[in-house]
Amino acid sequence: MIRQLSFKFSSLASGFFAAALIFGGAPVAFAAIPKNEIQNAIAERLNKYQSAQSWREFVKSVPAGFPADIKTMTAETDKLTLELDGDTYTLGIGYRQVFMKADFERVKKLLTDTALWKDLYGLDAEATISDAADGKFRARIFKKVPVISDQDYTLEYKQFEDGGVWFQRATQAEDKKDFALRDNLKALERVDGGTLLREVSVVYILRWYLRALGPQVRSTMETEVTKLNHALKCAAESSEPVTKKLAGECWKLAEKSKSK
């Protein structure tokens with residue numbers, strides 16, 4: 001049976017993924033959630049942006065998430081409503097933008113060398129599962145996050161280029177906590193003075209009761225993504241060689257950051 005689906009946007013709100021964590025509407029019973037269908041619908045949406053032309057058109061359509069001033073660092077979110085066979089599910093769609101005065105290949109190494117990620121992103125376990133082969137690899141993301149449950153999931157990464165844009169797609173392969181459905185697309189470009197990273201991520205939280213913690217969860221997620229931005233920028237712009245030591249030092253500095 002072919003399922004009918006459509007997406008609708010709501011107004012933009014501050015805080016990366018916040019909307020996904022306080023989704024509205026009547027709660028859907030956990031057993032009734034069509035996880036495969038929702039994951040496929042998310043994938044179909046991000047598939048549309050996997051060319052340089054479609055990506056740049058998309059960027060222009062979301063000025064709050066991707067400001068024209070590329071030096072503006074962002075971590076923003078919006079609500080994304082999915083209608084599936086007569087039922088409505090509210091997802092979160094997040095936008096991230098980071099300009100770095102850094103060499104393109106150096107930034108790409110930070111995004112692909114999973115041996116660095118535990119130190120660079122403050123993870124609580126090593127991320128490496130498999131080495132890159134044919135532009136593909138898997139990584140484990142395990143992190144203890146305040147307020148919400150510990151995050152422990154595996155992402156499958158695929159990398160490709162089109163029209164001067166280097167893309168990295170990360171689709172969820174497994175969530176050991178059965179906490180959420182996830183998919184994201186990063187785009188890396190050479191720009192005047194450095195390298196620009198933009199990312200769009202879609203998430204559907206399976207634990208509907210977390211909406212009761214809305215304000216606290218929003219604050220927590222915004223803080224965490226702000227740290228990721230600052231850690232990446234620090235490691236990219238450093239004159240030191242890219243090492244686990246540098247990655248760890250940048251994460252420590254990022255933990256002290258409070259602004260986007």
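A disulfide is taken here to be a pair of cysteine sulfur atoms within 2.5 Å. In general terms, a disulfide is a covalent bond between the sulfur atoms of two cysteines. The structure above holds one disulfide. This is a predicted model, in which local features need pLDDT of at least 70 and side-chain atom pairs count only at pLDDT 80 or more, while totals for chains, interfaces and linings use all residues. Residues are numbered from 1 along each chain as its sequence is written, and side-chain values use heavy atoms, with hydrogens and water left out.

The disulfide is formed by Cys234 and Cys250, whose sulfur atoms are 2.1 Å apart. The link of Cys234 and Cys250 is left-handed, with -70° about the S-S bond. The pair connects distant parts of the chain, 16 residues apart: Cys234 belongs to helix α6 (residues 214-237) and Cys250 to helix α7 (residues 244-254). Helices (H or I, at least four residues) and strands (E, at least two) are DSSP runs, numbered from the N terminus. Burial is judged by relative accessible area: under 20% is buried, over 50% exposed, and in between partly exposed (1.4 Å probe, protein chains only). Cys234 has 22% relative accessibility and therefore counts as partly exposed, whereas Cys250, at 1%, counts as buried.

The strands come next. Two strands pair if DSSP finds at least two bridges between them. Strand β3 (residues 87-100) is mostly covered, with twelve of its 14 residues buried. Strand β2 (residues 74-84) runs antiparallel to β3, and eleven bridges join them; Thr81 stands opposite Thr90 in β3. The hairpin formed by β2 and β3 has two residues between the strands, and Asp85 in the turn has a positive phi of about 50°. β3 also pairs with β8 in the antiparallel sense, over nine bridges, and Gly92 stands opposite Val203 in β8.

Strand β8 (residues 194-205) includes Thr195, which is buried at 0% relative accessibility. The side chain of Thr195 reaches the backbone oxygen of Ala102 at 2.8 Å. Leaving aside neighbours within four places in sequence, Thr195 is in contact (heavy atoms within 4.5 Å) with residues including Val98, Phe104 and Leu188.

The aromatic residues form a further theme. A pair of aromatic rings is described by the distance of the centres and the angle of the planes. Rings of Phe, Tyr and Trp (its six-membered ring) pair if their centres lie within 6.5 Å; planes under 30 degrees apart count as stacked, over 60 as edge-to-face and the rest as tilted. By this rule the count comes to 13 aromatic pairs. One of these joins Phe58 and Phe66, which lie edge-to-face at 6.1 Å centre to centre with 75° between the planes. Phe58 is buried at 5% relative accessible area, and Phe66 is buried at 3% relative accessibility. The ring centres of Trp117 and Tyr121 are 6.3 Å apart and their planes stand at 55°, so this pair is tilted. Both Trp117 and Tyr121 are buried. One aromatic cluster consists of Tyr49, Trp55, Phe58, Phe66, Tyr95, Phe160 and Phe167.

Rings also meet charged groups. A charge sits over a ring if NZ of Lys or CZ of Arg is within 6 Å of the ring centre and within 35 degrees of the ring normal. The charged end of Arg182 lies over the ring of Tyr153, 3.6 Å from its centre, and that of Arg190 lies over the ring of Phe104, 3.9 Å from its centre.

Technical notes. Polar contact = N/O pair within 3.5 Å; in protein donor to acceptor, adjacent residues only side chain to side chain.
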